[in-house]
Amino acid sequence: MKQAMLRTAAALLAAAVLSSVPAAAEQSGKEHKHDHSHAHDHGHDHGERSVYKGYFEDSAVAERPLADWEGDWQSVYPYLADGTLDPVMAHKADHGEKTAEEYKAYYEVGYKTDVNRIVIDGDRVAFHGANGVAEGRYASDGYEILTYKKGNRGVRFIFRKTEGDAGAPGFIQFSDHRIAPASADHYHLYWGDDRAALLKEVTNWPTYYPASLSGEEIVREMMAH
């Protein structure tokens, strides 16, 4: 009986762990080799030492093509602002160490962006923002493995602009809890003109889900993880 109760308690504890965003980074390890990915199948392994949570061997990391993120994507920031994501914040509070209000304030900083739509088609990336559309063509610029303060790690897959509008960033860096080629179902994106400085950005990570999803569907996706 006691062993059964312990197994049940352990299972409940594991289910309560929720990890959906990058932690604060402590250092960056350069790993330039020839290299998010969700496909609405929730195929992540969410175990305590899983790749999704940032535990992996360097040898498992592989370069990824821009095609992994191809599609029409919407920012989740407007859904946070209008209250659509409030059930997600409440869910996190039920299993975390912050109140729902504190989680919402944290994600307010993390999700904040005025680029509400991104369209990726081939090597072309179009940023739809407050000032219109800026488009560029991008080529792989390798990847970086980052080590976070809590001991887990993440991979940024980096692409460099080869031509395009002046308003399109010089670099874009994808983070989606995957470390090898696979199609994305959501991602965090960092962009700017300074490759190295972007790697130090760990507080603002605009997050994108398929444009075809409603706010309620995004809520269900987030809570499934």
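Predicted model: local features only at pLDDT ≥ 70, side-chain atom pairs only at ≥ 80, totals over all residues.
Residues are numbered from 1 along each chain as its sequence is written, and side-chain values use heavy atoms, with hydrogens and water left out.

Back to the pocket (an open set of points on a 1 Å grid where a 1.4 Å probe fits, with protein on both sides within 12 Å along at least five of seven lines; lining residues have an atom within 4 Å of a point). The volume of this second largest pocket is about 190 Å³. Among its lining residues are Asp114, Phe127, Asn131, Pro169 and Trp191. Strands E4 (124–129) and E5 (132–148) each bring at least two lining residues, and E5 has the largest share, with three.

Now for the helix pairs, with axes fitted to C-alpha atoms over the stretch in contact and angles running from 0 to 180 degrees.

| Pair | Axes come within | Crossing angle |
|---|---|---|
| H3 (residues 86–95) and H6 (residues 215–224) | 9 Å | roughly 15 degrees |
| H3 and H4 (residues 100–111) | 8 Å | roughly 120 degrees |

With axes crossing at roughly 15 degrees, H3 is therefore roughly parallel to H6 (angles under 35 degrees). In this pair, Pro87, Val88 and His91 of H3 meet Val219, Met222 and Met223 of H6 (contact means heavy atoms within 4.5 Å). That contact has five nonpolar, one polar and no charged residues.

For H3 and H4, the axes cross at roughly 120 degrees, so H3 is oblique to H4. On the H3 side, the contact includes Asp86, Met89 and Lys92, and on the H4 side Tyr103, Lys104 and Tyr107 are among the partners. By class, the contact of H3 with H4 has six nonpolar, no polar and three charged residues.

Conventions. Points joined across faces, edges and corners; volume = space filled by probe spheres on them. Helix = DSSP H or I, 4+ residues; strand = E, 2+ residues; numbered from the N terminus. Parallel < 35°, antiparallel > 145°, perpendicular 65-115°, else oblique. Nonpolar A, V, L, I, M, F, W, Y, C, P; charged D, E, K, R; others polar.
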